[in-house]
Amino acid sequence: MSDETILLDIKAVHAVYNKTIKALNGVSFQLRRGEILALLGSNGAGKTTALKAISNLLPAERGQVTSGTICFEGRDVLSEKPADLVRSGLVQVLEGRHCFKSLSVEENLIAGGLGRSSSRREIAADLERIYAIFPRLKEKRRTSAGLTSGGEQQMTAIGRALMSRPRLLVLDEPSMGLAPLVIKDIFRSLKALNREDGLSILVAEQNSTVALQYADHATVIENGVAVLSGSAAELRSRDDIKAFYLGEGAAFAHGRPAA
Ligand SMILES: Nc1ncnc2c1ncn2[C@@H]1O[C@H](COP(=O)(O)OP(=O)(O)OP(=O)(O)O)[C@@H](O)[C@H]1O
C-alpha cells in the first residue's frame, strides 16, 4: 500500500493528563482515504483521548502526547494549531453534540463556515447541501438549537462541521443517548456523504453494532492500546466481538498488538 492511500497515520502514541494519568499507551492505527473507520472500545479505553490527540486538543485539557506521531495527509498534527487543522480539512464533532443553544439551527450551521472566505452564494449552496443530507434541519432552521431534539442537535453539530468542507470528519460517539431510529438516520447520512462525496470518516463509538454496520474498517482499543484491527465484516463475524457487542469488553487482552 502506498503512502498516498493513508489519510491519517497514528503511530505508537502515548498520552497523559495532568502529567501523570496515562490515557494512551502506544496506540497505532491508520485511516485510508475515502473510508469509514470505527474506533471501538469500552468505557475509559482511550477513544476520546485518541480523537482529541488527532485534533491536537489535548493541551486544552491539561493533556499531552508524550511520544509517538500523528500525521494527517503527511502533516505533523502535533505541531499545528487546532484551528489550522480545521482549515486543512480535519474537523471534529466533539462528544455531547455541542450547539450554540440560543442561535437558530441555521445560524449554527453558518457559524461552521465562518473560517472559510465564502460568498453569500457559496454559503447558501452549502446550507442547501446540508439540508439535503439532513432534511429535518431544514424544517427546524429557524428554531433555537437548544429547543430541538437530541437527534436534531447532533445533526446540527455534524452539519456545522460539514460547512467547513472537511476531507476527514472525526466524530465522538454520535449515537450517545439517541433513539435507535435517529441513530440509523444519522449513520445513513454519514454513509451517503462517504459514498457520494468521498468524505473520510473516523467515528468513535460504544455502539459497536451500528458502527460495524456502516464502517469499512474498525480498530478496537483497550487501555490505550489498539488490540485488534480489521475489516468491519471480519470483526462482525468474530465471537469475541459479538461478546463485546453485549458489553463484555474485557474479552480483549490488554497490550496485544493490533493485527
Ligand atoms: N480530562 C481528563 N483528565 C484526566 N483524566 C482523563 C481526562 N479525560 C479522560 N481521562 C482518563 O483517560 C482515560 C481514557 O479516557 P477516554 O475518555 O479517552 O476514554 P473513552 O474510550 O473515550 O471512554 P468513554 O467511551 O467512556 O468516553 C480514562 O482513564 C479517563 O479517566
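**Talking through the ligand shell and the fold**

Author: Sorted by class, the ligand's shell holds four nonpolar, eight polar and two charged residues. Bear in mind that this is a predicted model.

Reader: Which residues come nearest to the ligand?

Author: There are 14 residues around the ligand, and Y17, A23, K47, T48 and T49 come nearest. The largest share is from α1, with three residues.

Reader: What makes β1 and β2 a pair?

Author: Two strands pair if there are at least two bridges between them. Strand β1 (residues 6-17) and β2 have nine, in the antiparallel sense, so they count as a pair. Within this pairing, V16 sits opposite K22 of β2.

Reader: And why are β2 and β5 said to stand at the edges?

Author: Look at the strand order: the open sheet runs β2-β1-β4-β5, with antiparallel pairing. β2 and β5 (75-76) have a single partner strand each, so one side of each is left without a neighbour in the sheet.

Reader: How do you know that the radius of gyration agrees with a compact globule?

Author: The rule is 2.2 Å times the number of residues to the power 0.38. For 259 residues a compact globule would come out near 18 Å, and the protein has 18 Å, so the two agree. The C-alpha trace spans about 50 × 40 × 35 Å along its principal axes.

Reader: What share of the residues is buried?

Author: Buried here takes 20 or more other C-beta atoms within 10 Å of a residue's own, and 42% of the 259 residues are buried.

Key
Residues numbered from 1 in each chain as written. Predicted model: local features only at pLDDT ≥ 70, side-chain atom pairs only at ≥ 80, totals over all residues. Near = placed C-beta within 6 Å. Helix = DSSP H or I, 4+ residues; strand = E, 2+ residues; numbered from the N terminus. Nonpolar A, V, L, I, M, F, W, Y, C, P; charged D, E, K, R; others polar. Buried ≥ 20, exposed ≤ 12 C-beta atoms within 10 Å, placed from the backbone.
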